[in-house]
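Please read them with the structure open.

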Amino acid sequence: MTRRRAGHEGQVLRFTFDGRAYEGRRGDTLASALLAAGVRRVATSVTLGRPRGIFGAWTEEPNAVVQIERPFPEPMVQATTIPLYDGLVASSLSGQGRLSPGPDPARYDATHAHCDVLVVGAGPAGLAAARAAARTGARVVLADDRPEPGGTLPDTAETVEGRPGAEWALAVAAELRALPDVRVLSRTSVIGYYDHNYLVAVERRGEDAVTRERVWRIRARRVVLATGAHERPIVFSGNDLPGVMLASAARAYANRYGVPAGRRAVVFTTGMDDTAYDAARDLAEAGVEIVDIADAREGRLVTAAIGDGDEGLRTVVIGERGEGLGAMTGSREVEADLLLVAGGWNPVVHLFGQAGGELRYDERLGAFVPGDAARAVQAGRNVVVAGAARGATTLAECLADGETAAASTPPTSLATPPSPSGGWGEHVWLVPADDETHHFVDLQRDVTVADLRRATGAGLRSVEHVKRYTTAGTAHDQGKTSGTLTSAIVAQVLGTGIAGLGTTTFRAPYVPVSFATLAGRDRGALHDPVRVTAMHDWHAEHGALFENVGQWKRPWYYPGPGEDMEAAVLRECRAVREATGAMDASTLGKIDVQGPDAAELLDRLYTNLMSSLKVGAIRYGVMCRADGMVFDDGTVIRLAPDRFLVTTTTGNAAAVLDWMEEWLQTEWPGLRVRCTSVTEQWATVALAGPGSRAVLASLAPDLAVDAESFPFMTWRDAEVAGIEARVCRISFSGELAYEINVSWWHGLALWKAVQATGAVTPYGTETMHVLRAEKGYPIIGQDTDGTVTPADLGMGWVVSKSKPDFVGKRSFARADTARPDRRHLVGLLPEDPDALLPEGAQLVACERLPEPPVPMLGHVTSSYRSAALGRTFALALVSGGRDRVGERLHAYTGETLIPVTVTHHVLYDPEGTRRDGRPDTSEGARHDG
Amino acid sequence: MADPTPPREPATMVERISPLAGFAGVSDTRLRVREIPFLRQTNLRADPGKVPPSLGLRLPMEPGTWLRSGGADVLWLGPDEWLVIGDVDLPRSEDVAVTDVSAQRTTILVAGPGARDLLAHGCAIDLHPSVFGPGRCAQTTLARAQVVLVAGEDEEFRVLVRASFARYLADWITDAAVDY
């Protein structure tokens, strides 16, 4: 039963709603197509289960919120804003949609824009503002949420500059689009207004576009808000029935879409302006019989809408107002299927409110309008409001307002415009009755006047509290039709002024936005950068499993055929302890430190002395924060008297460089030192195991590799596998070991050459962890947590007693850092040599758990199965741990208590005999992975 | 200075492999993307008031700019930091820290009429020619990677990205390019 005015018969589009097939026309929204098809009921209210119809014609719609089923399930979409497309399948909802269980196949992305002037809204004021700004040569972005420019001009069919409004708007938009520095974004909702004129918008590019929706992050020198106004409903009994509609919406359906929203209509207006009469005239032209106009100025009010079931409105009851509020004398019942409601206009001040602008209650308009923008401007937001959003009521005013908005700062309050022909009306928010349980304030939340009275009866005096108590204004329409009504009715009930009561806070987003849109392309593989080394492809091709270390992918272990992780790691560990292993150590942070005061800087940042290091030598070092807690560790290589290469842990590379720069720039600007990150300049292969010397010798025939020529903790420049390299003799496993550094470009070639010797087993981070733990070497961040001093780690030797000062030194004089019951790093041997303790397990002294609070002594920080020890072992931080060596403790797994014995933290080769590949007793040193 | 000279050129015939070896790039009328591998890059840090003339280079002093000098492109990276792209030997001294960073970053060329729009997807700075035209450079982020962005003539941008982030960024650019 499609009824369509002449001139609106566009291409036929087929769609399905609630399982029934319908036809609409190109240019329709789902709502206009449903109205044209005679569908009255489009939703069921969320708590009361009442039938609901289409109420508005754009983003103000509270009722017609539907589920899109195809092409992709999308919940809670306003039927009034969905452009109809062929094959659309939608269904009605009862206040709650259904999220798709599958991933959204559409593409979403984000982009940035910068401009001199951002105009929000392409109605008459916005177009005029954008055109005026563009003509000055400014960079302009014009964002508008509708598919066509003109705002409500196509709804009202007014003329501008002698042309039909819609045609004028298209012409202006075309003129703007032709300019190189103007960007016109249609179907783009500005949803948020943030600090320093940073605004976020969402562009709906359509189902056929490569990118379905795009987030725009816009930085504007000036923002012109030309966001228009929403018509305000009036509250009376049964004002939620299908068939009750905003007058402006019915006018839009008649003029923009050619759809008469009913057959027999009653108009109810407060007479705030004459737009209700304009609507009545346009509807009459569209073939709707206007059977009565209840104008509050004449004392005639609609007291009730009566209907039945899905068909909605049948009868409108019009009362004559007597003396006093609510006293009605006489009434008339009129048969009608459409009731147009015109309660005045609410300027769309959401973004202005978000910007921090103050709102002012305008007695004449009965609405909140932009007031003083000073606070917003102070907050770095250069914002002006133009047109209906500022309270302008005529087209001419809007155009003139827009013209000046872009260039100057217009007054924040309007001069009084001429009053409408019938004179200014009065503000009627509510037609009271004894029973107000069907007087709906917030249609989407089913909040009635009775609910508001209950809230104020409970003692609530603030609209913010009433909002939270009743949920009025909290639905996904953000109270576009209910906000001002709620304030006004609460004020009326409390007998206070609405001006003092104010509004609730306006928050982003102005319209609902899906998470898929906000996530954009930051999902899947692009969710977070994956950092890889020069040798990554070899690792992947050889079956390595990877461990995430920060953003790096590091080879974790290389399982052979039929091997599980345990078997692979035991094999890799044995290879390093008994033969030779190779690991990709490229991810370690590397910082080049240069300058006459380089040694002085390092002396101040490391706990130990670095200035005494000889050129050609290497020293292990620990950095603490000012609180004396370990922050990072690594090796320091002296390249020249005034040049060092510092290595950091993989995860701390950026933090250590920042730490150095912070001290240099803020505390020690006099030091002549420069730091430069060279992490990715170098690719590094660690060669470890008793056979590593022979492997290196075969790759570097010109390098003297014997222990005397190339002692522990020194470095040499050499050609390795035909590549210029720097070889460092350092060890993180206790075995004889080397780290070979070459240019990143040669990393893969070096790695392949090492593998080609046939004598080397590739090993990953898990094996590295086991080997270092056997030696009691801590991993910063795993065995430490920012509350651990070097002494706690059993490394008192790394803290210089002779240096005058270094970062953290003062904290070591605190009584707390010398407490005997501090948690020390110790080893743990489970009594069952096959029991693997969970990392993080708490340690207790007792055999049976007492009632809480349980006295806890510490926790397991690292736990592995050791090939060398032939058993499991763990590292732990234990209160007074070094004094407990030999004690029996229990690790709580969450289910059972596992008995363990406390040991010294160095469990393997405590004498350091393996460091040179032959017996040796000097102090071991190392660096971290 | 006695410290070792960093590897500059392949000492032998061992093949160099760039971080984006095998990157297909984009070749379109609106957009061209490819790697420019193996550019020699030198990081230079000095007090701007203490740059010796013997350096043989003019250094841009205006923040966010670069210039061509002595056969190299010299980029302002910070009040006391420059990046020199080109085959020049710079002497290290008490006042001038010189570090070879050739392999630290690789270079992705993003060029064509669609270049600015493509970069804007991941870069928050204003790329309009009046703000970021030829001669401008910036240390910023593109997508989630730190980059040095260099604006050249003819809508050509060089994106300098750390070697470890290069594949991520190339993937991101390739994905962004489907809209251009």
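1. Domain bounds here come from an automatic or database domain assignment. With those bounds, the C-alpha centres of domain 2 of chain A and domain 4 of chain A are 62 Å apart. Keep in mind that this is a predicted model.

2. Domain 1 covers 108-229 + 346-405, and domain 2 covers 429-501. Domain 3 covers 536-586 + 681-772, and domain 4 covers 820-907.

3. Chain B next. It has two helices and 11 strands. From the N terminus, the order of elements is β-β-β-β-β-β-β-β-α-β-β-β-α.

4. How does the radius of gyration of chain B agree with that of a compact globule? A compact globule of 180 residues would have a value near 16 Å; chain B has 17 Å, which agrees. Along the principal axes, the C-alpha atoms of chain B fill a box of roughly 50 × 45 × 25 Å.

5. Burial and contacts in chain B. Buried residues account for 44% of its 180 residues. Of the contacts between residues at least 6 apart in sequence, 58% join residues at least 24 apart.

6. One sheet of chain B deserves a look.

7. The pairing is antiparallel and runs over five bridges. Leu44(B) is opposite Trp82(B) in S6(B).

8. The interface between the chains. On the chain B side, 41 residues are in contact with 44 residues of chain A. Strand S3 (41-46), strand S7 (96-100) and helix H2 (166-176) of chain B each supply at least two residues of the side that touches chain A. H2(B) gives the largest share, five residues. By type, this side of chain B divides into 20 nonpolar, eight polar and 13 charged residues.

9. Back to chain A, and a hairpin. Strand S30 (residues 545-549) and strand S31 (residues 552-557) of chain A run antiparallel and are joined by five bridges. Phe546(A) is opposite Pro555(A) in S31(A). Two residues lie between S30(A) and S31(A). In the turn, Gly550(A) has a positive phi of about 60 degrees.

10. Helix H20 (residues 747-756) of chain A contains several buried residues. They are Gly747(A), Leu748(A), Ala749(A), Leu750(A), Trp751(A) and Val754(A). Just after H20(A), Gly758(A) has a positive phi of about 75 degrees.

11. Is Gly271(A) buried or exposed? Gly271(A) is buried, because 21 other C-beta atoms lie within 10 Å, and the cut-off for a buried residue is 20 or more. Gly271(A) sits in the loop between strand S18 (264-269) and helix H6 (275-285) of chain A. Glu298(A) is 27 residues from Gly271(A) along the chain, and their C-alpha atoms are separated by 9.2 Å.

How values were computed. Residues numbered from 1 in each chain as written. Chains lettered and ligands numbered in written order. Predicted model: local features only at pLDDT ≥ 70, side-chain atom pairs only at ≥ 80, totals over all residues. Helix = DSSP H or I, 4+ residues; strand = E, 2+ residues; numbered from the N terminus. Rg over C-alpha atoms; globule rule 2.2 N^0.38 Å. Buried ≥ 20, exposed ≤ 12 C-beta atoms within 10 Å, placed from the backbone. Contact = placed C-beta atoms within 7 Å. Nonpolar A, V, L, I, M, F, W, Y, C, P; charged D, E, K, R; others polar. Pairing = 2+ DSSP bridges.
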